[in-house]
Amino acid sequence: MTKLLWCIGTYLVAVNIIAYICYAVDKYRAHHNRMRKRIPEDSLVGLAAIGGSVGSLMAMYTLRHKTKHRKFKYGIPAILLLQIALAAWVLWYFSVWD
């Protein structure tokens, strides 16, 4: 069980770093080079949905990117809350924190 939790933790760290980098790249492309293709909003939300919600929120507020869009302003925190609730339920269900 410890190895599984370590693997999940490693995955979450990696996906959050990737999410932060994607937000930074999109912010850079938005301001510096309008001819280059931007990262689609659905991809940014998708990164949050697969576990990168902490990295997405950190990027939103440290880079001040996508903070006025309702999809991001309310959607990313909602995804994070759902992920926290799911993680708490899984840990409780499998009695990890006895």
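A residue is called buried when its relative accessible area is under 20%, exposed when that area is over 50%, and partly exposed in between (1.4 Å probe, protein chains only).

The model is predicted: local features need pLDDT of at least 70, side-chain atom pairs count only at pLDDT 80 or more, and totals for chains, interfaces and linings use all residues. Residues are numbered from 1 along each chain as its sequence is written, and side-chain values use heavy atoms, with hydrogens and water left out.

**The whole chain**

The protein has 4 helices and 0 strands; helices (H or I, at least four residues) and strands (E, at least two) are DSSP runs, numbered from the N terminus. The C-alpha atoms fill a box of roughly 55 × 25 × 20 Å along the principal axes. Of the 98 residues, 26% count as buried.

**Tyr23 and Phe72**

Next, select the aromatic rings. The whole structure holds 2 aromatic pairs. Rings of Phe, Tyr and Trp (its six-membered ring) pair if their centres lie within 6.5 Å; planes under 30 degrees apart count as stacked, over 60 as edge-to-face and the rest as tilted. Tyr23 and Phe72 form an edge-to-face pair, with 6.2 Å from centre to centre and 85° between the planes. This pair links distant parts of the chain, 49 residues apart: Tyr23 lies in helix α1 (residues 2-32) and Phe72 in helix α3 (residues 70-73). Tyr23 is buried, with a relative accessible area of 0%, and Phe72 is buried, also with a value of 0%.

**Trp89 and Tyr93**

The rings of Trp89 and Tyr93 have centres 4.9 Å apart and planes at 20°, so this pair is stacked. Trp89 and Tyr93 are 4 residues apart in helix α4, which means that about one helical turn separates them. Trp89 is partly exposed, at 45% relative accessibility.

**Helix α2**

Now select residues 41-62, which form helix α2. A straight helix of 22 residues would span 32 Å at 1.5 Å a residue, but α2 spans only 18 Å between its end C-alpha atoms; the expected span is 1.5 Å times one less than the number of residues. Where is the kink in α2 centred? Select Gly52: a kink of about 130° is centred there, the bend at a residue being the angle between axes fitted to the seven residues ending there and the seven starting there. The buried residues of α2 pack against α1, α3 and α4.

Ser53, also in α2, is buried at 1% relative accessibility. Leaving aside neighbours within four places in sequence, Ser53 is in contact (heavy atoms within 4.5 Å) with Asn16, Leu47, Ala48, Ile76, Ile79, Leu80 and Gln83. Just after α2, Arg64 takes a positive phi of about 50°.

**The largest pocket**

The largest pocket is lined by 20 residues, of which Ile8, Leu12, Gln83, Leu86 and Ala87 lie nearest its centre. On a 1 Å grid over the protein atoms alone, a pocket is an open set of points where a 1.4 Å probe fits, with protein on both sides within 12 Å along at least five of seven lines; lining residues have an atom within 4 Å of a point. The largest share of the lining, 7 residues, comes from α4. End at Leu86, in helix α4 (residues 75-93), which counts as exposed at 52% relative accessibility.
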